[in-house]
Amino acid sequence: MTWNVRIGINPLSWMNDDLPSLGGDTPLDTALKEGAEIGYAGFELGNKFPKTGPALKARLDAYGLACVSGWYSGFLAQADAGSDAQALAAEAERCKPHMDRLRHNGVDVVVYGECAGTVQGQIGTPVSRRPRFADDAAWQRYAWRLDAFGAHLLECYGIRLAYHHHMGAHVESPQDVDRLMALTDPRKVFLLFDTGHAYYGGAADPAALLKKHVARVAHVHCKDVRPQVIAQARQGDWSFLQGVVNGIFTVPGDGALDFEAVLRTLRDAGYQGWLVVEAEQDPAIAPGYAYAKKGYETLRALMDRLGA
């Protein structure tokens with residue numbers, strides 16, 4: 001049996017959008033050339049990619065790469081966004097250029113990151129000060145909005161909403177993920193499972209959390225962790241970006257996570273999407289090419305072992 005998954009990468013190994021001081025001078029073509037040379041089938045998007053569908057396709061085609069997906073900053077949890085109808089109309093209008101660009105490149109899943117109140121991009125704000133829903137009613141209202149927006153993306157673009165649980169945001173912990181999955185419609189809202197954020201968010205065994213929700217998974221970010229640095233981050237009440245600078249994350253095979261258990265869980269559940277190496281690090285300390293190669297070779301070896 002062939003396991004129909006592909007290995008992609010996010011350009012964070014070479015350059016960081018939130019902290020341009022980390023690889024900010026590295027040309028996009030360096031990442032594309034090196035990623036293709038290593039063996040990656042595609043790239044997720046970052047700030048340096050062309051902004052229109054045709055230009056993006058031409059740039060990726062030049063290196064034989066596919067567009068994997070791209071982060072979309074959503075604001076459906078924004079309390080002062082007006083009525084539900086107004087909030088959804090604003091989001092539907094704002095997302096058009098991004099969704100058109102993805103659709104033109106044959107992408108069928110979008111990385112949805114909730115950015116209302118998030119502290120993930122604030123280097124001076126600890127993740128402990130992340131936003132939280134005030135009560136059950138707030139959770140319910142947010143879930144309704146997500147369902148409606150997910151239905152809109154499917155109807156208008158044929159794109160699934162893959163929700164990215166993320167440090168410093170409303171949905172961070174395993175309990176948050178459980179609640180979001182319980183409240184949303186599995187036909188309209190899907191899960192982006194991120195191994196590194198799962199562990200940092202409190203899942204000592206990310207594969208166990210994945211197993212609970214694997215039927216909802218539409219996209220996977222494969223990042224490894226350095227537990228000793230995470231322990232320091234928790235003790236020191238660090239911001240998310242402080243953690244990135246100090247090496248909380250790394251590529252598969254360079255940290256402590258059991259990626260064989262993760263990949264086996266995905267394979268056994270029939271997952272048919274991308275495995276995306278995504279590890280925010282300082283390329284001056286963790287050179288992009290070397291670490292991207294290690295991440296690829298780790299996943300490729302595991303996939304070969306699992307029959308992919």
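Lys96, Met99, Asp100 and Arg103 of α4 meet Leu153, Cys156 and Tyr157 of α5; contact means heavy atoms within 4.5 Å. Helices here are DSSP runs (H or I, at least four residues), strands are runs of E (at least two), and both are numbered from the N terminus. This is a predicted model, in which local features need pLDDT of at least 70, side-chain atom pairs count only at pLDDT 80 or more, and totals for chains, interfaces and linings use all residues. Residues are numbered from 1 along each chain as its sequence is written, and side-chain values use heavy atoms, with hydrogens and water left out.

Two packed helices are described by the angle between their axes and the distance between the axes. Axes are lines fitted to C-alpha atoms, for helices over the stretch in contact, and angles run from 0 to 180 degrees between N-to-C directions.

Take α4 (residues 96–104). Its axis lies 11 Å from that of α5, at an angle of about 50°. That makes α4 oblique to α5. Angles under 35 degrees count as roughly parallel, over 145 as roughly antiparallel, 65 to 115 as roughly perpendicular, and the rest as oblique. The crossing of α4 and α5 is right-handed. A crossing is right-handed if the near helix is turned clockwise from the far one by less than a right angle, and left-handed if anticlockwise. By class, the contact of α4 with α5 holds four nonpolar, no polar and three charged residues. Ala, Val, Leu, Ile, Met, Phe, Trp, Tyr, Cys and Pro count as nonpolar; Asp, Glu, Lys and Arg as charged; the others, Gly among them, as polar.

Now α3 (residues 84–94). Here the angle to α5 is about 40°, and the axes are 10 Å apart. So α3, too, is oblique to α5. α3 passes α5 in a right-handed crossing. On the α3 side the contact involves Asp84, Ala87, Leu88, Glu91 and Ala92; on the α5 side, Arg141, Trp144, Arg145, Ala148, Phe149 and His152. Six of these residues are nonpolar, one is polar and four are charged.

Ala143 also lies in α5. Is Ala143 buried or exposed? Its relative accessibility is 3%, so Ala143 counts as buried. Buried means under 20% relative accessible area, exposed over 50%, and partly exposed in between (1.4 Å probe, protein chains only). Beyond neighbours within four places in sequence, Ala143 touches Leu183 and Thr184. Ser73 is 70 residues from Ala143 in sequence and 17 Å away in space, C-alpha to C-alpha.

Arg130 sits in the loop between β5 (109–114) and α5 (136–157). With 8% relative accessibility, Arg130 is classed as buried.

Ala134 is placed in the loop between β5 and α5. Ala134 counts as exposed, at 74% relative accessibility. Ala134 and Leu263 are 129 residues apart in sequence and 36 Å apart in space, C-alpha to C-alpha.

### Around α9

Arg226 is in the loop between β9 (224–225) and α9. Neighbours within four places aside, Arg226 contacts Gly247, Ile248, Phe249, Thr250, Asp254, Gln281 and Tyr291.

Pro227 belongs to helix α9. With neighbours within four places in sequence left out, Pro227 is in contact with Tyr199 and Ala256. Pro227 and Ala204 are 23 residues apart in sequence and 9.9 Å apart in space, C-alpha to C-alpha.

Asp237 lies in the loop between α9 (227–236) and α10 (240–245). Its phi is near 55°, a positive value in a residue other than glycine.

| Residue | Relative accessibility and class |
|---|---|
| Arg226 | 17%, buried |
| Pro227 | 26%, partly exposed |
| Asp237 | 35%, partly exposed |
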